[in-house]
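Dear colleague,

Please find below the structure that I am handing over to you, together with its sequence. My notes on it follow directly after.

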Amino acid sequence: MIKQYPSKPELETAFKTIRQAQVPQIPDVVLALRAELARTEPNVKAVANLIAQDLALTGQILKRVNSPVFALSKKVTSVQQAVSLIGINRLVNLVTAEAVERLLEHPPGAARVIWESIMEQAQVAVAIAQKVTDLSLEEVYLFGIMHDVGSLIFAEQLDNYGYEWVLRSGSPQSLLAHEQAALGVDHTTVGFLLASIWQLPDHLTLAIYHHHAANYQQLEDARVRALVAITQLTHALMALPFGTHDQPEMLAYRDRGRLELDISEEDWAGLCKHAMEGSWPS
């Protein structure tokens, strides 16, 4: 039987790790938007006004909404228009993703390699999600940039972590074991706790915790299973150019993910082609 949540001792160790890393606080606008979204009847005008207070964030949101990824039929020129076209839930997820990206970008040292990979993973995840019609691209993108955030924290605390992270990319379980041996906790638990502190949706935090699980099919929430499947397929695709796609864990990631999401042979072949060419939508 799969363990749904981290244990209390695991969370205590993760909390100490986060505190030592001096992780920045999520912007107040995100917390305010999450609070508004939690209301029985969220106020559309209130959501638009909160976002509009941050001009730089507003510009990034409009740029993202108008990108080819979202394929809207007309250009969006205001936050109010964005709310009416894509809805409150999708817009708040997109704002959260953009805020997290601004918060974490330009990390120092070895973390830079990890961050660049995370951003590519987010693009790959969205490309996969486009093959699955019932998934929100905004939520998948948010998950894509959050699921390995624990690794960014570890890069600040462990010597040569960036090297180990790259070396063990084809065998994530060995990376988790390395983290446990060094710090007594792994990046999935740290990511789960940080996402919870930042008030991200429960199913997204759970997907972060389980994103390397071999038995995630036992999880009841289909949204969690779908996000985990996407990130495991992402790992399998990103392994292709490096020739590590035939590692046992990558093959298992591929097979489980395709089964969970019902990815066709044609769609998978197209994704593999993009992976080998290094071309993903942005």
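Throughout this message, contact means heavy atoms within 4.5 Å. The model is predicted, so local features need pLDDT of at least 70 and side-chain atom pairs count only at pLDDT 80 or more, while totals for chains, interfaces and linings use all residues. Residues are numbered from 1 along each chain as its sequence is written, and side-chain values use heavy atoms, with hydrogens and water left out.

Two histidines

I begin with H211, which sits in the loop between helix 13 (202-210) and helix 14 (222-239). Helices here are DSSP runs (H or I, at least four residues), and they are numbered from the N terminus. H211 has a relative accessibility of 0% and so counts as buried; buried means under 20% relative accessible area, exposed over 50%, and partly exposed in between (1.4 Å probe, protein chains only). Leaving aside residues up to four places away in sequence, H211 touches F143, H147, D148, H187, T188, V228, T231, Q232 and Y253.

H212 is placed in the loop between helix 13 and helix 14. At 5% relative accessibility, H212 also counts as buried. Its contacts, again without residues up to four places away in sequence, are D148, P172, Q173, L176, H187, T188, Q232, H235 and Y253. H212 and Y253 are 41 residues apart in sequence, and their C-alpha atoms are 8.8 Å apart.

Polar contacts connect these histidines. The term covers a pair of N or O atoms within 3.5 Å; within protein, one must be able to donate a hydrogen and the other to accept it, and residues adjacent in sequence count only if both atoms are side-chain atoms. The side chain of H187 makes such a contact with the side chain of H211 at 3.4 Å, and another with the side chain of H212, at 3.4 Å. The side chains of H212 and H211 are joined by a polar contact of 3.2 Å.

Aromatic pairs

How many aromatic pairs does a search of the whole structure find? The search gives 3. Rings of Phe, Tyr and Trp (its six-membered ring) pair if their centres lie within 6.5 Å; planes under 30 degrees apart count as stacked, over 60 as edge-to-face and the rest as tilted. Y5 and F192 form an edge-to-face pair, with 6.3 Å from centre to centre and 70° between the planes. Because Y5 belongs to the segment before helix 1 (8-21) and F192 to helix 12 (residues 187-197), this pair ties together parts that are 187 residues apart in sequence. Y5 is partly exposed, at a relative accessible area of 47%, whereas F192 is buried at 7%. The pair of F154 and Y161 is edge-to-face because the ring centres are 5.9 Å apart and the planes lie at 85°. Both F154 and Y161 are buried. Ring pairs also link Y5, F192 and Y209 into a cluster.

The buried residues are V149, G150, S151, L152, I153, F154 and A155.

Helix packing

Axes are lines fitted to C-alpha atoms, for helices over the stretch in contact, and angles run from 0 to 180 degrees between N-to-C directions. Angles under 35 degrees count as roughly parallel, over 145 as roughly antiparallel, 65 to 115 as roughly perpendicular and the rest as oblique. A crossing is left-handed if the near helix is turned anticlockwise from the far one by less than a right angle, and right-handed if clockwise.

Helix 4 (residues 55-65) packs on helix 6 (residues 88-104) at about 120°, with the axes 10 Å apart; the two are therefore oblique to each other. Their crossing is right-handed. A56, L57, Q60, I61, R64 and V65 in helix 4 meet L91, L94, V95, E98, A99, E101 and R102 in helix 6.

Helix 8 (residues 137-146) and helix 13 pack at about 40°, with their axes 10 Å apart, which makes helix 8 oblique to helix 13. This crossing is right-handed. E139, L142, F143 and M146 of helix 8 make the contact with H203, L204, A207 and I208 of helix 13.

Backbone

Most residues other than glycine have a negative phi. Q199, which is not a glycine, has a positive phi of about 60°; Q199 lies in the loop between helix 12 and helix 13.

With kind regards
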